[in-house]
Amino acid sequence: MSSTVQAPVRASSESARQWWASAVIYQIYPRSFADGNHDGMGDLKGVTGRLPYLAKLGVDAIWLSPFYRSPQADAGYDVADYRDVDPLFGTLADFDEMLQKAHAAGLKVIVDLVPNHTSDEHVWFQEALAAAPGSAARARYMFREGKGEDGSLPPNNWQSIFGGPAWTRVPDGQWYLHLFDTKQPDLNWENEEVWAEMRSVLRFWLDRGVDGFRVDVAHGLVKDPALPDWTGQAAMVEGQDAAPHAATAEAANAPEALPSQEAGHVSKPALDPPSPFFDQDGVHEVYRDWHKVLAEYGPDRMMVAEAWVEPAERLVRYIRPDEMQQAFNFDFLLAGWDARQMAKVIADSLEASASVGAPTTWVLSNHDTVRHPSRFGLADPTTFPKGIALEDEQPDEALGLARARAATLVALALPGSAYVYQGEELGLPEHTTLDAEFRQDPTFFRTKGVERGRDGCRVPLPWISEAPQFGFSGPTADAPAAWLPQPESYRRLAADVQEGVAGSTLELYRTAIAARREHALGTGSLSWPELNDPDAGLLAFSNGQVLVLANMGRDRAALPDGYDVLVASSPEAVQDGSLTPNSAVWLVQA
Ligand code: GLC
């Protein structure tokens, strides 16, 4: 297997010239972006209607989380039909219209691909259930006999990332593997039919004209064939502990020595033994195969890996020249509001990506993590709660937003591609007081509420301050309730009250994205000036003509002489020639 061979550095500048190498990519979570048919659930028509807003924001591309046919057991990451749109979100014709209009507006379109598992309602899994043990239909999934005299114990001790056991028993006594929910059976990537099917799914969407794929759980497809027991802890966010033991004790043979932890707050665990189900070398063969499929459509199609893999040297194996084009830089997301950690992650990730000749990405928030304005408003702005509920520490919203805006100026000034999660540009916080009765995330239920879950970052966007559901379903008075309730704080953050208002978060994003383009920061290169002093809380770097300063310390930091402010994270960022704490600026020589 060539994964042990050192990949050559991508010599050609062809990839560096591709749009994705420096793109700002906006993540749309379709159920919460905009509701075009006024039923309380976001949809593709809603996306089409808001394309002018996205074009004005200045982003280069959109990535849509799944809109495929699905029973929605994991908000669409449980796909029942990879080639159709779920009626909740519209029709294939709606997709085609959205794609065509996005392209006409100059926006590339990336769709989500979920290859690790299907829905249990996928026709393949239904066939597998109806077929006998040992059949070809079962061989597409990970069916095994159980352990113990009567096979009543699961085949190994693996725990679901969402909490609870990773195995479920079917009536004839066999067990099937699901790294996520019971309704998300894992596919068997040793099966040629599975390879052929996913290739065909890629072609289905490429033929329709999509520009790329975000590959879900890209590190998970291939498992150690021995399916050995494992004493480590898996988590969606590496660096977080897995589902707490208390909530998973129902697993027949749950490992005994998992550390207990307080609800909601987690810290980095000690090093685990290598996982037998994540980051196996065999996954890279899949991406080499897909790379060839995309190449048939030209050099400008891309894949971005969702791979929670450490360290950066392991992550960049996914973006070697013959694999994917990008991987989400979750180390950056995990660095928190901390100058030392941020400086280290920036340097390490640039170096690691350069070793394979690929661009880096910068990510602060997505649909799986607490929104960064809320994380940065916690007493310790480097922690990663798995959701926040009323009974947990409540973030300081103003402080968190100030820091989030500054962190955004860091992310958008770095060379490479930047991801923006919908609502970031409005400065939306997490919904931190969502009542349990509204929660839908399976992680909440599978951990019996110990993990609050991801609903708080998935709340429908506020478009119009004085309309029902803040205009999520349009301006009409008779709109039904949105699928998740919005917090009252969203009223003052609605897009219409920020539009054209100097100093608003929306205008900051527009200004920064435009300045990033004008100064070619995405294709630039980074250097560290002498005034960079992470130990004192000051992060400073230069990218081309732009000098970036972010003050993560407690004291004001003097600005160097001879510079003008190009962009400031807030109107109060610069006072008396110094940068106030929790602020950032882009400077250019006067
Ligand atoms: C990825 C998705 C997440 C989903 C999981 C299972 O981590 O981002 O939302 O729950 O995969 O598909």
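**First stop: a proline in a loop**

Select proline 311, which is found in the loop between strand 10 and helix 10 (312-315). Helices (H or I, at least four residues) and strands (E, at least two) are DSSP runs, numbered from the N terminus. Display the backbone here: the peptide bond from glutamate 310 to proline 311 is cis, with omega near -10°.

Before continuing, please note that this is a predicted model, in which local features need pLDDT of at least 70, side-chain atom pairs count only at pLDDT 80 or more, and totals for chains, interfaces and linings use all residues. Residues are numbered from 1 along each chain as its sequence is written, and side-chain values use heavy atoms, with hydrogens and water left out.

**Second stop: the parallel sheet**

Two strands pair if DSSP finds at least two bridges between them.

Phenylalanine 213 stands opposite methionine 303, and valine 215 has alanine 305 as its bridge partner.

Buried means under 20% relative accessible area, exposed over 50%, and partly exposed in between (1.4 Å probe, protein chains only).

Next, select strand 11, which pairs with strand 10 in the parallel sense over 2 bridges. Here the bridge partner of valine 304 is glutamine 326.

Select the ligand and display its surroundings. It is surrounded by 15 residues, of which Asp74, Asp216, Glu306, His367 and Asp368 are the closest; a residue is near a molecule if one of its heavy atoms lies within 4 Å of it. The shell consists of 5 nonpolar, 3 polar and 7 charged residues. In this division, Ala, Val, Leu, Ile, Met, Phe, Trp, Tyr, Cys and Pro count as nonpolar, Asp, Glu, Lys and Arg as charged, and the others, Gly among them, as polar.

Colour the chain by domain to see where the shell comes from. Domain 1 (19-115 + 192-219 + 279-431 + 457-518) and domain 2 (117-186) each supply at least three of its residues; the domain bounds come from an automatic or database domain assignment.

A polar side-chain atom of glutamate 306 lies 2.7 Å from an oxygen atom of the ligand. For arginine 214, an N or O atom of the side chain is 2.9 Å from a ligand oxygen atom. For histidine 367, the distance from a side-chain N or O atom to an oxygen atom of the ligand is 2.9 Å. The protein covers 99% of the 300 Å² of accessible area that the ligand has on its own (Shrake-Rupley method, 1.4 Å probe).

Select serine 119, in the loop between strand 5 (108-113) and helix 6 (123-130). Serine 119 is buried, with a relative accessible area of 0%. Its side chain reaches the backbone nitrogen of glutamate 121 at 2.8 Å.

Continue to phenylalanine 470, in the loop between helix 15 (442-446) and helix 16 (495-498). This residue has a positive phi of about 50° although it is not a glycine. Is phenylalanine 470 buried or exposed? Phenylalanine 470 is buried, at 7% relative accessible area.

Aspartate 576 also has a positive phi of about 50° without being a glycine. Aspartate 576 is exposed, at 76% relative accessibility, and is found in the loop between strand 19 (574-575) and strand 20 (578-579).

Finally, select the open sheet of 3 strands with the order 17-20-19 and antiparallel pairing. Strand 17 (557-558) and strand 19 are its edge strands, each pairing on one side only. Between strand 17 and strand 20 there are 2 bridges, and alanine 558 stands opposite serine 578 in strand 20.

Key: Polar contact = N/O pair within 3.5 Å; in protein donor to acceptor, adjacent residues only side chain to side chain.
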